[in-house]
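Subject: Structure for you to look at

Hello,

Here is the structure I said I would pass on. Please open it first, then read the notes below it.

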Amino acid sequence: MISILLALVLSKVMLPDPLALLRPAMVPMIVFYWLLMVPDRFGLTMAAVLGLVLDVLTGTLLGAHAFALTVSGYLVARMALIVRFWPAWQQSLALLPMWGLYAFLMFWIDGVTHRNADALLRFAPVLTTAIAWPLLCALMSWANPPREDA
């Protein structure tokens with residue numbers, strides 16, 4: 001729960017334009033992490049709810065982030081049983097198309113709704129998110145070590 005709140009806060013922090021290009025897509029990254037690690041407790045409904053919260057926080061069309069997170073999250077959940085046990089750098093490469101899909105869906109929704117969408121601002125975070133993924137996995141495994149079930 002703390003990781004989700006932190007991701008929402010970090011996605012709202014104002015950055016100068018050059019640094020905004022380098023900001024990873026924090027909410028999709030956390031959603032994909034939880035969909036991979038605990039798909040039975042964190043499902044697509046939670047992804048959609050977080051998308052709606054992100055829509056309200058960012059002032060985008062209501063349902064845009066929810067739609068993009070649900071569609072891309074569905075694909076992540078489908079591959080969770082395979083990808084979950086890979087090293088973080090391999091997971092990052094496997095998830096790269098999913099972050100690309102998320103960015104494309106947001107760019108497409110912006111185009112359909114006639115919002116000015118800067119393609120660089122939409123697609124640059126795909127690479128930085130892939131680079132940040134191993135760091136997130138290391139941080140989350142340190143903060144939440146696996147429990148031994150007796």
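Is Arg122 buried, partly exposed or exposed? Arg122 is partly exposed, as its relative accessible area is 22% and the buried class ends under 20%. Please keep in mind that this is a predicted model.

Salt bridges

The whole structure has 2 salt bridges. In one of them, Asp110 pairs with Arg122, and their closest N and O atoms are 2.6 Å apart. This pair links distant parts of the chain, since Asp110 lies in helix α7 and Arg122 in helix α8, 12 residues apart. Asp110 also meets Arg115 through their side chains, at 3.3 Å from N to O. Shared partners therefore join Asp110, Arg115 and Arg122 into one network of salt bridges. Asp110 is buried, with 4% relative accessible area, whereas Arg115 is partly exposed at 38%.

Nonpolar core

The largest nonpolar core holds 41 residues, and Val31, Trp34, Phe42, Leu95, Trp99 and Trp133 touch the most other members. Helix α3 (26–37) is among the helices that supply at least two residues each, and α3 gives the most, with 10 residues. Beyond its neighbours within four places in sequence, Trp133 is in contact with residues including Met29, Phe32, Leu95 and Trp99.

Surface patch

Leu6, Val9, Leu10, Val13, Leu15, Leu19 and Leu22 form a nonpolar patch on the surface, with about 580 Å² of accessible area together. Helix α1 (residues 2–12) gives the largest share, 3 residues. Leu19 sits in helix α2 (residues 17–20) and is partly exposed, at 44% relative accessibility.

Regards

Note on methods:
Residues numbered from 1 in each chain as written. Predicted model: local features only at pLDDT ≥ 70, side-chain atom pairs only at ≥ 80, totals over all residues. Heavy atoms only, no water. Patch = residues over 30% accessible without salt bridge, like charges linked within 9 Å, V, L, I, M, F, W, Y side chains within 5 Å. Areas by Shrake-Rupley, 256 points an atom, 1.4 Å probe, with all protein chains shown as cover. Salt bridge = Lys/Arg side-chain N within 4 Å of Asp/Glu carboxyl O. Helix = DSSP H or I, 4+ residues; strand = E, 2+ residues; numbered from the N terminus. Buried < 20%, exposed > 50% of the residue type's maximum accessible area, 1.4 Å probe, protein only. Core = buried A, V, L, I, M, F, W, Y, C linked by side-chain atoms within 4.5 Å. Contact = heavy atoms within 4.5 Å.
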